[in-house]
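I hope they are handy as you look around.

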Amino acid sequence: MGTLIRNGSAHFEDKNVYASNVMPQKIRPTAEGLSSRSSMTWQSSVYRSIKIVIFSTKLNLLMPFGPLAILVHAFSGHNGWVFFLCLLGITPLAERLGYATEQLAFYTGPTIGGLLNATFGNATELIIGIYALRNGMTRVVQLSLLGSILSNMLLVLGCAFFAGGLVFYRKEQVFDKASATVNSGLLLMAVMGLLFPAVLHFTHTEVHYGKSELALSRFSSCIMLVVYAAYLFFQLNTRKDSYVPLTEEASRQGVDPPEDDDEVPEITKFETIVWLSIMTAWISILSEYLVDAIEGASLAWNIPIAFIGVILLPIVGNAAEHASAIMFAMKDKLDISLGVAIGSSTQISMFGIPFCVVVGWIMGEPMDLNFQLFETATLFITVIVVAFFLQEGTSNYFKGLMLILCYMIVAASFFVHEDPSSERGPKT
């Protein structure tokens, strides 16, 4: 019996030794297995990224209209349809560009993220403006940038006030009056920069006819760019609290933040940069076709170029701002909605317009700040109306409704307005 036990124990020990020698060989991964596993991981990551960015919103159903516009341009050359299809194709791209910027803000922090959000939010208008400048269509640049300001201040802000007021109809939503006052002051300064060249032109008081107006516009544009740089320094360094997330601000005050504020990025930093590059490149391609078809669409549809530039183009470019402003207002985050709408208008007026003047200067195009009397007066009245609405620091659905109706009046005015600078514009 003892021998049997000894033999059995020895046999058991031999099995353990054999197992210890064999097991590491069974679980050791091979190079082929690692490469296949990494390949599957990479493919699943790409699939997940495409699913989140492309298939997560119904608005992306309009994306196929972009390639369709290129096909229509190649085979038929009908400018009306090319323009319409380009409008539809750019709309989801502008919205996804804003989404990718918001995702990048998770990795850059609130300070740089706020700046990136404002910059890429207006990338569509700037891309269209640069292509129009390259084609010598300075008037289209002026009208599209003016329309972007009017759309953000009246339509986007009005829809945000209206949607937020309907959700929280039992109370008045509040926002930071100090930030709204600073933005209103910058918008009034932009109006001043546009007003003086127009007055100089229409009063015929130029020292050198045709040259003083352009020289004043370029000088004023440089001043406005300096002011905008100082404004960024003021916001990002002096008033950092404007960019502090609501969760951090609540934790400072000893208040538990809401559960829906605990947001995390849906895609990685590398994926965000790749999608930003893809969306910007695709918008640039469609913008070229869009600009080339503007005059033909105006003649085919018998619609004034002023209406196309001021009303139709900005609605496409402001798709991201429109969706974001309404979403934040319905979550009672009106300061963010105000920053999206008024902040975007401030950037277009103090950076976008002067930037296009300087780019036109470099290209040799006479882009100036004389937006004509009718357009300058419209902008001046709009800034005054919005400044009065913001002075109390509160909003409700009635204020939003009034802003929307004001935008409808502006749209109707430009539909019956014949632009004196358009040589081939249709008679209305």
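1. Overall make-up. The chain holds 17 helices and 2 strands, where helices (H or I, at least four residues) and strands (E, at least two) are DSSP runs numbered from the N terminus. This is a predicted model, in which local features need pLDDT of at least 70 and side-chain atom pairs count only at pLDDT 80 or more, while totals for chains, interfaces and linings use all residues. Residues are numbered from 1 along each chain as its sequence is written, and side-chain values use heavy atoms, with hydrogens and water left out.

2. Burial and surface. Of the 428 residues in the chain, 46% are buried; buried means under 20% relative accessible area, exposed over 50%, and partly exposed in between (1.4 Å probe, protein chains only). The accessible surface of the chain is about 21700 Å², and carbon and sulfur atoms account for 67% of that surface. These areas come from the Shrake-Rupley method with a 1.4 Å probe, and for residues only the protein chains shown count as cover.

3. Contacts along the chain. Among contacts in the chain with a separation of 6 or more, 83% are between residues 24 or more positions apart. Contact here means heavy atoms within 4.5 Å.

4. The nonpolar core. The largest nonpolar core has 99 residues, and Phe83, Leu157 and Leu390 touch the most other members. Such a core is a set of buried Ala, Val, Leu, Ile, Met, Phe, Trp, Tyr and Cys residues joined through side-chain atoms within 4.5 Å. Helix α7 (residues 138–167) gives the most to this core, with 15 residues. If you click on leucine 157, you will find that its contacts include Leu338, Ala341, Ile342, Val386, Leu390 and Leu403, leaving aside residues up to four places away in sequence.

5. Which residues make the nonpolar surface patch of about 710 Å²? They are Leu166, Tyr169, Tyr397, Phe398, Leu401, Leu405 and Met408. Patches are made of residues with over 30% relative accessible area and no salt bridge, with like charges joined within 9 Å and nonpolar side chains (Val, Leu, Ile, Met, Phe, Trp, Tyr) within 5 Å. Helix α17 (residues 397–415) supplies the largest share, 5 residues. Leucine 405 lies in helix α17 and is partly exposed, at 42% relative accessibility.

6. The structure holds 5 salt bridges, each being a side-chain nitrogen of Lys or Arg within 4 Å of a carboxyl oxygen of Asp or Glu. In one of them, glutamate 271 meets arginine 48 at 3.5 Å, N to O. This pair links distant parts of the chain, with glutamate 271 in helix α11 (residues 269–292) and arginine 48 in helix α2 (residues 31–54), 223 residues apart. Glutamate 271 is buried at 10% relative accessible area, whereas arginine 48 is partly exposed at 33%.

7. A buried pair. Glutamate 375 and arginine 139 form a salt bridge whose closest N and O atoms are 2.9 Å apart. Glutamate 375 lies in helix α16 (residues 373–390) and arginine 139 in helix α7, so the pair ties together parts 236 residues apart in sequence. Glutamate 375 is buried, with a relative accessible area of 1%, and arginine 139 also counts as buried, at 11%.

8. A pair in loops. Lysine 171 and aspartate 332 form a salt bridge as well, with 2.8 Å between the closest N and O atoms. Lysine 171 lies in the loop between α7 and β1 (173–174) and aspartate 332 in the loop between α14 (319–330) and α15, so parts 161 residues apart in sequence are tied together. Lysine 171 is partly exposed, at 41% relative accessible area, and aspartate 332 is partly exposed at 31%.

9. Two residues of helix α4. Arginine 96 lies in helix α4 (residues 79–108) and is buried, at 5% relative accessible area. A polar atom of the arginine 96 side chain lies 3.0 Å from the backbone oxygen of valine 53. Tyrosine 99 is also found in helix α4 and is buried at 11% relative accessibility. Beyond residues up to four places away in sequence, tyrosine 99 touches Ile52, Val53 and Glu266.

Technical notes
A polar contact is a pair of N or O atoms within 3.5 Å; within protein, one must be able to donate a hydrogen and the other to accept it, and residues adjacent in sequence count only if both atoms are side-chain atoms.
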